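Subject: Structure handover

Hello,

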Amino acid sequence: MSDGIYIIRDDNSLVEMRSSAFESEAILQQLLANHPSLLAGDAVDPVNPRRWLLIAREQSVPGEEGGSGRWSLDHLFVDQDCVPTLIEVKRASDTRGRREVVAQMLDYAANGVVYWPADALRQQYERTCAASERDPDEVLREHLGRPDADLEEFWRGVDVNLRAGRIRMVFVADVIYPELKRIVEFLNAQMSPAEVIALELKHYTGQGLRTLVPRLIGRTAEAERRKGLSSAASTSALRPQITHEEWFIQFASERGAGEAAAARAVYDWWVNQGGEFVITSAQRPSLIVKLTHDRGHCWPSVIKANGRVSTALCYVLTTAPFDKVENRREILETLASTFGQRYGERAVDGEPYVPLAMLQEPAAREKLFAIWQSFVDRIRAGF
């Protein structure tokens, strides 16, 4: 049987792609870090597909309480239900891709669940975001798919899952040999609440193109029967909700009367536009605007407890006309030129902000409101 993939281009030309080994293990590792969806979250959980938040590449694993890293895990991800997911990558040409890699992974898991403090993982995640110039809170809210997500509760959930041994171990290789397949299926059927799976990531190249085809291994009917495969849920209690007035009182006590007045003016402007404010249940809650339009609703702005007001481009990604990157970039560039702010390229899918300290004068606020008026008008028009 031919081990290839054939692609028909729009011009009806044929691209023949042949199975090939990855040039190096580092390339495969970098592809997973850049494109976590290669981990086939829909195959891992077809009912509720997994989404992956990268904590770190080369995550250190201590061998004792308070110890430095004794080992280095290829990748550590966390899914949307706070389940830590350990990834070990091996190429088919690596002869350790069988028994040895299993022992290696079990070392990481056994020590990680005991000696990884959730606070340290959070700090590592923040360093990972800083390296790519992304705001960690924005990235986490995008990962969770909820602009009002309680981020503190998420990290508590990670800690609970670690201590309970509720983790996922994933072996990734371009070829999963039968010996490793049998070991993975056996461990996955026996271990609970941990999950053990393998992902074969076939690699095809041709005419300057690269195609990756993931295949999940290790999920058997017996393993599903024993585990039930229910998603982990956080056991932390929800924080008591506060009123909008209580939020402003707290904000004024922390940030001062000038920024509180600017925040109140922003609040009033959105209310006059028909927006409703939702208060997050985080330790330091934010006010998030919910704007209803003819086609549904979106979340176009956030007033944050740290004294920033953002234009939430990340929460209008499916709302026309800002589902098109060029329209989001236009808003971003206007904000940057108007307020002298420097935003990275990733801000086009993020939350570019203006400090409320810059909005204490009415004239400055009016400039922001003019940008937002165009923003709102285009959302309502849909073009």
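Which charged end sits over the ring of phenylalanine 248? It is that of arginine 264, 4.0 Å from the ring centre; a charge sits over a ring if NZ of Lys or CZ of Arg is within 6 Å of the ring centre and within 35 degrees of the ring normal. Arginine 308 is placed likewise over the face of tyrosine 353, at 3.9 Å from the ring centre.

This is a predicted model: local features need pLDDT of at least 70, side-chain atom pairs count only at pLDDT 80 or more, and totals for chains, interfaces and linings use all residues. Residues are numbered from 1 along each chain as its sequence is written, and side-chain values use heavy atoms, with hydrogens and water left out.

Aromatic pairs

The whole structure holds 13 aromatic pairs (rings of Phe, Tyr and Trp, the last by its six-membered ring, with centres within 6.5 Å; planes under 30 degrees apart are stacked, over 60 edge-to-face, the rest tilted). Phenylalanine 248 and tyrosine 267 have ring centres 5.4 Å apart and planes at 90°, so this pair is edge-to-face. It links helix H9 (residues 244-255) to helix H10 (residues 257-272), across 19 residues. (Helices, H or I of at least four residues, and strands, E of at least two, are DSSP runs numbered from the N terminus.) Phenylalanine 248 is buried at 5% relative accessible area, and tyrosine 267 is buried at 13% (buried is under 20%, exposed over 50%, partly exposed in between; 1.4 Å probe, protein chains only). Ring pairs join Trp247, Phe248, Phe251, Tyr267 and Phe277 in a cluster.

Helix H9

Trp247, Phe248 and Phe251 are buried in H9. They cover an arc of only 95° around the axis, so they lie on the same side of H9 (the arc is taken over directions from the helix axis to the C-beta atoms). The face turned away from the buried side carries exposed Ile249 and Ser253. Glycine 256 follows H9, with a positive phi near 100°.

Salt bridges

There are 20 salt bridges (a side-chain nitrogen of Lys or Arg within 4 Å of a carboxyl oxygen of Asp or Glu). Arginine 50 and aspartate 81 form one of them, at 2.9 Å, N to O; the two are 31 residues apart. Arginine 50 is buried at 7% and aspartate 81 at 17%.

Regards
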